[in-house]
Every structure is written in C-alpha cells, then in structure tokens.
Amino acid sequence: MRPRLWRIGVELIFLLTCLAIGLVLSMRFAPRPIIGTMHFEGLIVPPSARQMWNILEAARRDPRVAGIVIEVSSFGGDASSSEKLYHAMAKFRQEKPLVVVIDGEATSGGYYAAIAANKIYATAAAAVGNIGVWMSRPTDPMIVPDVLSTGPYKLGGGSRFDNIRQLEMVKDAFVTTVLHERTQSPYNPLRIDGSILEEGHIYLGSEALALGMVDALGSISDAIADVAMLAGVEQYEVRDLTEYLGLPFQPVDPFQVLGTLRRTWPGEVLLLDTRFIPLVNQETESTSLEIAGAPASPGEKTP
Amino acid sequence: MSSAHRWLLVLLAGILLLALPFAVRSALTEWRTSPYRPAITGQIELAATPEPTPTAVPAPREPSAPVTHLRRGVVVVDLAHFNMVSPSQFQALSAQLAARGVALRFWTNPTPMASVDKTNLAGLPDQSDQLANQLRDASALVVISPLFLWKDTEIAVVERFVADGGRLLLISDPDMLEVPDRFLRDLNRLAERFGVVFHDDYLYDLIHNDRNFTHVYQSRFEDRAAKLQGKTIVFYGVRSLGGPIISQVRTSDTVQSSLRTGLSGFTTVAIAGLTVNRSSGRVLAMGDFDVLTEPYVSRYDNRLMLEFVADFLAAAQREQELADFPAYLGARVGLTFGGELPLDAPFLAQVSQLQQLLETGGRTLELVNPRHVLLTTTVTFHALTGTPQPSAAPDPPPLNDLIYVASYEAAERETILLRDIGIRLTEITPTPTATPTPSDIPTLGVTPSPAGLGMSSPALTTTPKEEEEEHASHVTAEVTPTPSATPEEEATLTPTSTPAATRVLETSFSPPLLLDETVLILRRQIPGDTQITAVLGSDLAALESGLDRLVTRNFADCVTRPDVLICPFQLEESSAVHERPPTGTPTSEAATGQPTETPTVQETPGVPLGSKGEVLVVDDNRTATADDPREADLYVRILEEMGRAPVLWHTKSDGDPNVQDLVGYRWVIWSRGVYRGEPAQTKTLAALALYLERGGHLTISGRTPVLGGSNRPASVIADIVLTDEVPPLVVGLSSSTITLAPDLPPAVPLGDQWGGDAKVAMRRGPNSADADAPVLVALKSDDASEEARRVIILGMALNWLSDADSTQLVRNMATWMLER
C-alpha cells in the first residue's frame, strides 16, 4: 500500500512540475497579441503611400497584430496619395484599433491621414491642421505646334476654370472628411466649423486639442495603452511593425521629388504644407518659379 | 498494467501538461477581454456633380470704330520697368480703347532681362527722357506691378504729365509677383505721389466667392462707378487700397484681408490724385488686373468693369504744351509762309519731314496760300474754311489749325503774334568807335543793297540815320577776307570802324534778344479752337532750324514760357545771310526806295563747286607753335606738284572760314597735322556740314581731327595696316604695314561707329595703342551725281608718313576726291 502511495505521489509531483514548467515556459515563449508601432515621416507621394498601404494591409491580415500606433511626422504631399493613405488607415481601423501620435507635425495631407485614427494624440507644441489644397496656376488651352490632339482639353485636362473648380472640390472633400471624422470623435469632437477649417490655419497641439482637431495630449506610451484597451488585450507585445512584418518603410525626401514636381502639369492638384514652399526655394530661383507655375520670363504672368 | 506502462503514461501526461500552457496561450492569442468595436462613422458624402461644358452664348457685340478724323492720344503701358505683365494680357483693354478711338502703346525696355541686375532693384538706369518722349502724344499712362522701382526723375515726368491732364492707371495685383520679396512690389513709390497706397495684402472671402477664396465679389459701387450697382463683378486676387482716395468699388462684409485683419468693406478701385500736383481725379487705382484680362473679363458682368476703366482712360483731355507738338493739332493742318519767302531745297526737305511727322499721327499737312489766310490784328483765321473741298470726300475734317512760318518782319507786319506775347522788333546801336567814310565801301568792290538783304520792313519804325546804320551793318556782314589775300591785304579789307546797329527782339520779360540768334516758336489758340503754331526767325536758315526743332522736338536748349519757346540759333549770321535769300520782306525798289543792285554775296548760293578754285587747304593753326611742322604746307606742296592750284587758308590769321568761303571749292582739306587740338566752334562745324550738304568734298587731317574723333584719350600710333576696303586710297603705298617713326605724339583714335557708307582704308597696327582703331576713313554718299558728298578723315598727321607714302596718299586722295 505504502509503495503505491509513494509512486502516485511521485507521479503527481512530476506532472505538476511539468505543468509548472509549461506555464513558466509558455509565459516566456508562447505568442502574445502585438501592438505594432511605426514612424511615418516625410512627403506623402505615391512611393510612401504605397509602402504604408503594404504595411497597413499586412498588419490588418496578421492575427497577432491587435492594433497599431503610428507616429506621424508629415507636412503632406499630393492629394491623391494623401487620400489613399487616409483610406488605407480607415480600412485598418474598421478591423483593428489605430491610434496616431503627431510627432512634430501633421499638417495638410499629414493631418488628412491622421484623422483616420481612432484617436489622435499630439504634443502641445506640435503643428496640426493647414487644411487645404494648392496647385500651380492653371493655364488656358493652347495649340502645341508639334502636337495634334483630339480635343481642346486633351493636353491640359480642362479649362482654367475647370482646374479652379476641381481645386475647390478637392478642398471640399478634405474639409468634409475632417468634419466627418472629427465631429464623431468619441474623445474630443470637433468644435469649429468648416469655414474656419478651410482657412488653412496651422494650430499648435494645444490649440488643436481645444478645437477638437486632436483627442488628447500625450505620447506614444499613452497611445499604446489606448490601442491595447481598444483591442481588449491585457497581455501584449509592443513591436516595431516594420520589423515584425519585415516591411521596412523608407521615407521620401522632399528634395528627391523636386524633379517630379518640376514635371507637374499646371492644374495637377497638390496638397502641400505652406512651409514646403521655402524648402523648395532653398534650391535655385528657377526651381521655385517652375514649381509655382510661373513663366520663365518675368514679364509674363499666368493668373 | 505493468509498471513500465504506467510510467510511460505519466511521462506522456507530463509532456501534455508541459505543452498545455503553450496551447492554451496560443489558442487565446486572439481572445480579447472585450471585443474591438470600430466606430461607425458612416459614409462620407463627397459626390460632386460634374459641370458640363457650358453652352456657348453669343460673344458680346464688337463695338464699331468711332468716327474720328484724328487719332487720339495713345495710352502708354509701362513695360520698361520689367513689369510683371505681358502685352497679350491687354487684348481686352486694347479692344475697348480702340472702340473709343484710343490706341495702346507699350513702352518697353530694350535691355535683355538676363543682363539686368535683379539684385539691385533700384539700379535700373534713369529712363525719364524715354518716358517723356513716350508721353509726348499720350493721353494716359498705365503702370502695373513694376519689377524695378521708379526713379524720382521718372515720377516727376509722370506728375507733370498728369498735371497737364494726362490720366494714370495704377494697378498692383497681389498675384503678379513670383519672387518672394516684398520690396519688389513697391508700386507705392509712384502711387503715393498721387495719394494712393496699395496695401501689401490680398482679399479673400471664404463664404461667397467665385470658386476660390481669392475670387471675391464686389458689392458696393460708388461715385463714378455707381452705374455698376447691381452688377456682378468679381476680382481674381485683389489687394486693398488706402490713402486720400475716392472709393469707387468696395468689397462686401464677408471679404477679409490677409493683412488688415478684423476689417471689412475694403476699397479695391479708387479715383485718386492730389491738388498739390494738379492730379485730382486723374488717377485710377486698382488692386486687380486679372479682371481686365481674358478669361476673367468674360465672367459675370466683369466686362462692365473693363469698360469703366476704358472710359476713364479715354476721357483724358490733356493740356498739351508747345513741347508736345504736334499732339495738340487737329486732323488737317495748314502750312503757310509769311511774306515773300522763296524756299530752297533744304528748307523744302525740312517741310517734308514735318509733313511726315504729322502724317505719322494721322494728320495731313497742306500748303496754304497765304492770301487765304488772314491773320489780322484781331487774329481771325477764316480763309481756310473757305477752301473748297472735293465733293468726293464724304465728311472731310475741318481744316482748322495752322503752322505759320515767317520772318520776324513779316510776322510783325502780318500778325499780332509777336505783340501778343510782348515782343517787338527794334535796333540797338552801340557807340561807334570809328566812322566809316563813304569811300571805304566802294573800295571793297561791293555794292550794298538793304533791299536785297531784305532786312527793311515797314513794320519797323526807323529813322534815316538808323537806316543808314543798318545799311552799313549789312555791308559789314558781307565783307569777309579772301582766302588768297595776304595778311596785309586782309587788314586793309577788314572794316572795323562802322558801328553796327544790332537788331533785337525787345521783350517785356527779358533783356533784348539778338534777332539773328533767336528762333521763336509760338503757340496760340484763337476762338473756334484753332491752334496756330508759329515759327519765327530772322532768315531762312533760322526758320529751317526752327522747323527742325519742331520735327525732332528738340527743345532742350530753349527757354520755355507759356506757349512760347525761345530757342538759340547758332549758325553764323553772315553765312546764313549770304547763303539764304532774304525772308519776309518785299524786294522791289519801290518798297525800299533803294537801288536793286544785287550784292555780290547773294550769288553765293548759286556758286557751283569749284568756281573759286579746286582745292582749299585750311591750315587750322590756331594752336600751332613755331616748332610744329606744317602739314598743310605738305598738302599744298604735293598738290602743286600734281599741277593743282590749292589755296591756303590760315585760321590763326584768317579766322575760321564760313560756308561761303568753302562752297567755291570742290575739295577742302582741313589740316591740323600735329597741332594740339581744341574743340571746333559750333559755327565752324555748321559751316562744314553745310558745305557737305552742298556736295562738297572734305578731308579732315590731323592727330586731333576736327571731325570724327572718338571720346577715347589720345594714344600713340606705332604702325598702320592697310585694308582692302578702299583700294584707290591705298594703292601705291610702300607696304601693307607701315611702321611709323618712334616718339610721335599721341593721336586721338577715330570713332568706330560710322554709317553704312563708310570704309576704313587704314587701321592702327598691332604695335599701336588702341590697335585696330581706324586711321583713314572714307565716306561717300549714295548720290550718283557729280556733287556727291565725299569725306576722308585721316586720324594722324600726314607728316608722319615717309615722303613717298605721304605723296602717294595725297595723290590717291586727290584722285578719289576730284574724280568725276
């Protein structure tokens, strides 16, 4: 009888030991939900927007990723890429929480992307807003001596007033989207109307908080906690998203795209922060003139 | 169950328990304490109805051209300050102005933009002279967003223009500057002189706009623009105006300023001007130019704004001055000559130029028989209206303006033009230093004839004594030394004892003016809006000078009084008298009571070239020293060796020859040789010019040439290179490169800029200073006649060449100059 009891005791001890070891090892090595973080900076143009879409889509499909925090530091870019980034982030948000932390500035197209987040954090001194659009001054249809086209607007895309109207439409879409997103913010809904938004102010983070353009002042730590809470996870890992997914993000240097901008047709819509203009002007004067759509001859003006 | 089996089961259970936490944790990875519930934000409504291509509506009816006989003053557009506009932007405004009979003219700057220093925006050269020329026939000036600052002298010209009734349109458009430097947009430097300040802002309206916040509606129209009330006018990028202005157009309350925050109701169009510079109401300031250009001008009622501006510009009624000739004249202008005025070819050519000038401005100049013109003491002017007009002309413009050309005597006799401005003819007789004996005059072999000289006038009240003195004075004027005379003979021939009665214009506003050295240009307006422009002088040469001033509008050295220009006449009196027939006075014996013998000098204009001799060598030795070699002597010697018979003239003893002295010779050699030069007198240059005009052949020779030298300092010639441009001039010379002796004095380089007829036969060699500068220049007029003008300028002393070369060169010159 005694030997049997002894043997049972040993077996139980063994099994409990295995369980304890399993628990200990699982706490250390078993997979846990991931709160992904990444830093988005630079110009929002097709190359950077494409990279972001890839990352967001991979994170959305990855079951371990419970949510993400994106630090945004961007003064915008072209309208279409900014809208693309907004839609990619909004799609992610439909399935997993996404919180944005404005790191320095999220203006113009940068802010356009940020409003897709569940919650926006900013620091008190961050630059926020600058809602609006600009483009090179449109020109009128003209005959190009060496080119034969099939319609008056085939070469230019539209009349001067077509371009002006389209510029307003892009601006209206921008303002409407901001109003749509921010007025429904559960944390700090927007407190100003569209007419003020479209003035294009750049607000400090503290001002933006007061106006309801951001939800809170805080850092990435706050954002991570919020994402975990929104995701309903208590045990989670915080991982750099680009490393975890193996999809590095390469910011676009504004000066690398100057050549592209130089080739921009008048009337192509751009979404650029006003402070981008001085950056452009750091190059040659001719560069600034070309980008501004000014004629080569100072005696000519293209209104 | 065996013990081994039991332990195996325990081991398996242990392994399961070991793995169980991994399995459980892995299974619960996607488990959430609370499920994520994304916010339901709904769809964003971004739909926009695309705008269809608008249905075309008929373009505004083109206005018909106004029925005017005379082109009105042009509107000058400043592009000379590299303004940020292009001529193509003025098409709409140009069409509106054309409908009002006003043309648009662009004042451009010929300097390429690339060569302008854009870092010094105040560094554009002064253009006030060009501006004054541009505004001479202008009625309005348009200045839009200049890149370079206006200078004070230029602004002064504009101030005077506006004070005279010209109109000024100032536009500073905020979207016209691409260079981010607010210093550039400082149109205020000009505008503030007229009480206008352009604020450095732009206006915007986020609520009511034409598709862009900078495209703002104008809502209030006041003063002259009140007729636009109720119309839809939109400005496309506009700045606000300030200063003592009369607002014409204001923005609505929803329009805001980028700079003047908190304000509304901004003035965007204003009438301005200050009493202090007589510009009140003559300045229109606008903060937008786009509204005047396509396609913006075609939107809404913007064309009415364009018409408002065009009306303002076209309504200018400038008070043109005499200096603005012929801008104040009508479409048909008559030209008449006072007295009996025989005209010579140069004078007719001057009249032709006057005619061309008037025709350029759309005017016609018609010669009018003086008998059809009555300029009496009441200054009526009616005969022209009686001129029958051809019936084919449906609506001829009235011939109501007149250019009157006459001598002072004729003007005083026929009109009251001189009296009206307080001028009368009289004489001043200085105290005589000696009294000529009657026998002095006959010994000169000259028969004086005051009548022939045409200086007596019934308008002049002269005593017999005065007439005698006048008579004597003319004799004095006729007498000139004969070039071939010896100094001793000249001394006896020069009359110095007769006091000359000086004819003067006695004025109420100045000391007497020497009649023979004064040209008066008057402007009078008489009832019926008839403009009379009178050119008065002492003789035909003076009148020609006056007409030339009118044609070239060169009044720089004239004294200006209201509607009177008092201009100096520099041509030497005696030569002018001799070469010109008398003016404005009857020449009949009955009129003068004097015999009608023709003075010898009156034959001068008809003297053919070569009648006095073939070659005149003028030794311009006024500055010569005793040691200077005489180049003129060399010329004379070589010519004599050639069988010619040159006449030698020394300026030191004979004075400068006048045109009368020159015209008798086919070839005049003006020799300075190695002498130290001094500027030639104006009358000497004029005499040389007149000589050439008569078809003379002239050689200028010397290291300081009287004609043709450049502004460069004198420099040493070491060698000469011959060219093949004028082979007859260099044929037979010793070498294609001639080396000169060392230590020669410096010579003034000849100019580089010559007319198309000029050929350079010799140039400075590579060892010379100013290498390649011309040394021997030959000019030949295109005239195929015998008397075609020919000029040779030798920019060195002939003595510097070897005997053989100098002889050959003079032979070549003689052949080239005297060949028929």
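Visitor: How do you know that the 40 Å reached by helix H1 of chain A is close to what is expected?

Guide: Helix H1 of chain A, residues 2-29, has 28 residues and reaches 40 Å from its first C-alpha to its last. The expected span of a helix is 1.5 Å times one less than its number of residues, and for H1(A) that expectation is 40 Å, so the reach is close to it. A helix here is a DSSP run of H or I with at least four residues, whereas a strand is a run of E with at least two, both numbered from the N terminus. This is a predicted model, in which local features need pLDDT of at least 70 and side-chain atom pairs count only at pLDDT 80 or more, while totals for chains, interfaces and linings use all residues. Residues are numbered from 1 along each chain as its sequence is written, and chains are lettered from A and ligands numbered from 1 in the order in which they are written.

Visitor: Why is Asp770(B) called buried?

Guide: A residue is buried if 20 or more other C-beta atoms, placed from the backbone, lie within 10 Å of its own, exposed if 12 or fewer, and partly exposed in between; Asp770(B) has 21 within 10 Å and is therefore buried. Asp770(B) lies in the loop between strands E30 (759-764) and E31 (774-780) of chain B.

Visitor: What makes H1(A) hardly covered?

Guide: Among the 28 residues of H1(A), the count of buried residues is two.

Visitor: Which residues is Asp770(B) in contact with, leaving aside its neighbours within four places in sequence?

Guide: Contact requires C-beta atoms, placed from the backbone, within 7 Å, and Asp770(B) is in contact with Arg712(B), Ser715(B), Pro749(B) and Arg764(B).

Definitions and conventions
Two residues are in contact if their C-beta atoms, placed from the backbone, lie within 7 Å.
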